[in-house]
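Subject: Handover of a protein structure

Dear colleague,

Please find below the structure that I am handing over to you. My findings follow it.

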Amino acid sequence: MEGVKVLRLNILRVTFNVVYQIIFHLIGPRKRRVVFASMRNDKLADNLKFLYKEFEKDGSYEIKLLLFHYDRTLTSKLRFLWTSWRSLYYMATAELFIIDDYYFPLYAINKHSENTVVQLWHAIGSLKQFGLSLPSAAKSVIKPHTNYDWVFINAEIDKPAYEEAFDVEPSHILAFGEPMMDELMTAQIPTHTGVQWMLYSPTYRAGNPKLVLSLVNDMIKSSHSLTGKWEIYISLHPYLKLPDFKDLPSNVHIFQDAEKVKTLLPGVDVFITDYSSLSLNFSYFERPILLFTPDYKQYVDQNGFYVNYYQYLGAPHFDTADQVIFDINQNLETMDLKYVKKLKTNTFPFQDGKNSQRVFDFLNKLE
């Protein structure tokens, strides 16, 4: 079975490259054509959204969108294949091809330098390992995270992690601040007098999605013990197949929408996660961050971190949802937030709201 998979991937690699080469030599890159491509969102979001606005504002570029949300269903797998084929045309004809995540067809081709590829990774910071740092990457038939010309990151402190995670020249990893962080600088803090907001954002586990759903159910059950009035928001990873949650309490809201998360963050009173980099985003507002990490040792063994995770975040961490809720009830109002302020200092070297402009100005000057 494994041999069949390897054969299939090798056939795809050859055919993808042949198609790309044919299109490149017949049509070639179009001057000032920029393509924003994603296989994690079917609409512009996060870094792509804010950089897109800069190109649109400039007005001199031909902008194309190739956006698709992959959710691992059979229908999605077929659409993934179709989108991959379409990507070959856009990669061959784009002057700039800008992505925000893993992008399979890109790694199967022998890319020409005239097609410049930009990676704007969807998450900030360097907490959990990703890309080529993961043990699974070495087993890939088609080496991932190749063919990047430029990678833009949030802070210089994160550069060593990206050098390890991506096959790109270190000098082509630039810390200009992530475009999506500009939104935080102008965020309007929503008012919700008399009720508090809790946001829980568990990390996706590729090999164990049932664990995530189990943790979500634990959090919902334990949240009944919260004192006072609360609205509870639970954000699930876009790759997770969302089940039909029945009989949810009226104050519990479960969703898969990166844009909604960013809208909620300014008003959230306490953020709970396990290993999500959203903790770094949320640190900007200097409010409590709690960690619900019952599988920490297993996660370290399977995924790993670039940092000493608990030490780097400095946040209280718990093994059960009941412990999380108990801590909120007992300590939320008097919690010392020095750890959050330190995290903010490390995460936000740029607070001028001009990250998108810096990235655009650099790309606009490329020959």
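Is Thr83 buried or exposed? Thr83 is buried, because its relative accessible area is 6%, and a residue counts as buried under 20%. This threonine is placed in helix α3, which covers residues 74-93. When neighbours within four places in sequence are left aside, the contacts of Thr83 are Met39, Leu66 and Phe68. Please bear in mind throughout that this is a predicted model.

The chain as a whole

The protein chain contains 13 helices and 13 strands. Its radius of gyration is 21 Å, which agrees with the value near 21 Å that a compact globule of 367 residues would have. Along the principal axes, the C-alpha atoms fill a box of roughly 65 × 50 × 35 Å. Of the 367 residues, 54% count as buried. The accessible surface comes to about 17,100 Å², and carbon and sulfur atoms account for 52% of that surface.

Two further values describe the chain. Taking the contacts between residues at least 6 apart in sequence, 72% join residues at least 24 apart.

The nonpolar cores

In soluble globular proteins, nonpolar side chains tend to be buried together. In this model, the largest nonpolar core has 65 residues. The residues with the most contacts inside this core are Met198, Val216, Met219, Ile234, Ile272, Tyr309 and Ile328. Helix α6, residues 209-222, gives the most to this core, with six residues. Apart from this core lies another one of 40 residues, among them Phe16, Ile23, Trp121 and Ala123.

Ile234 touches Tyr200, Val216, Ile220, Val252, His253, Ile254 and Phe255, where residues up to four places away in sequence are not counted. Ile328 is located in helix α11, residues 321-331. Ile328 counts as buried because its relative accessibility is 4%, below the limit of 20%. Its contacts, with neighbours within four places in sequence left aside, are Met198, Leu226, Trp230, Val270, Ile272 and Leu290. The C-alpha atoms of Ile328 and Leu226 are 7.7 Å apart in space, although the two residues are 102 residues apart in sequence.

Residues in loops

Phe104 belongs to the loop between β4 (96-99) and β5. This phenylalanine is buried, with a relative accessible area of 9%. Leaving out residues up to four places away in sequence, Phe104 touches Leu9, Leu12, Phe16, Phe80, Ser84 and Ile142. Phe104 and Leu313 are 209 residues apart along the chain, and their C-alpha atoms are separated by 32 Å.

His145, which lies in the loop between β5 (116-119) and β6 (150-153), has a positive phi of about 55°. Asn147, also placed in the loop between β5 and β6, has a positive phi of about 70°. His145 is buried, with a relative accessible area of 4%.

Asp71 is found in the loop between β3 (62-69) and α3. At 24% relative accessibility, Asp71 counts as partly exposed, because that class lies between the limits of 20% and 50%. Apart from neighbours within four places in sequence, Asp71 is in contact with Ser76, Pro238 and Tyr239. Asp71 and Asp295 are 224 residues apart along the chain, with 24 Å between their C-alpha atoms.

How exposed is Thr193, with its place in the loop between α5 (182-185) and β8 (196-201)? The relative accessible area of Thr193 is 80%, so this residue counts as exposed, the class for values over 50%. From C-alpha to C-alpha, Thr193 and Gly3 are 60 Å apart in space, and they are 190 residues apart in sequence.

With kind regards

Note on methods. Residues are numbered from 1 along each chain as its sequence is written. Side-chain values use heavy atoms; hydrogens and water are left out. Helices (H or I, at least four residues) and strands (E, at least two) are DSSP runs, numbered from the N terminus. The radius of gyration is taken over C-alpha atoms; the globule rule is 2.2 Å times the number of residues to the power 0.38. Buried means under 20% relative accessible area, exposed over 50%, partly exposed in between (1.4 Å probe, protein chains only). Contact means heavy atoms within 4.5 Å. Accessible areas come from the Shrake-Rupley method with a 1.4 Å probe; for residues, only the protein chains shown count as cover. A nonpolar core is a set of buried Ala, Val, Leu, Ile, Met, Phe, Trp, Tyr and Cys residues joined through side-chain atoms within 4.5 Å.
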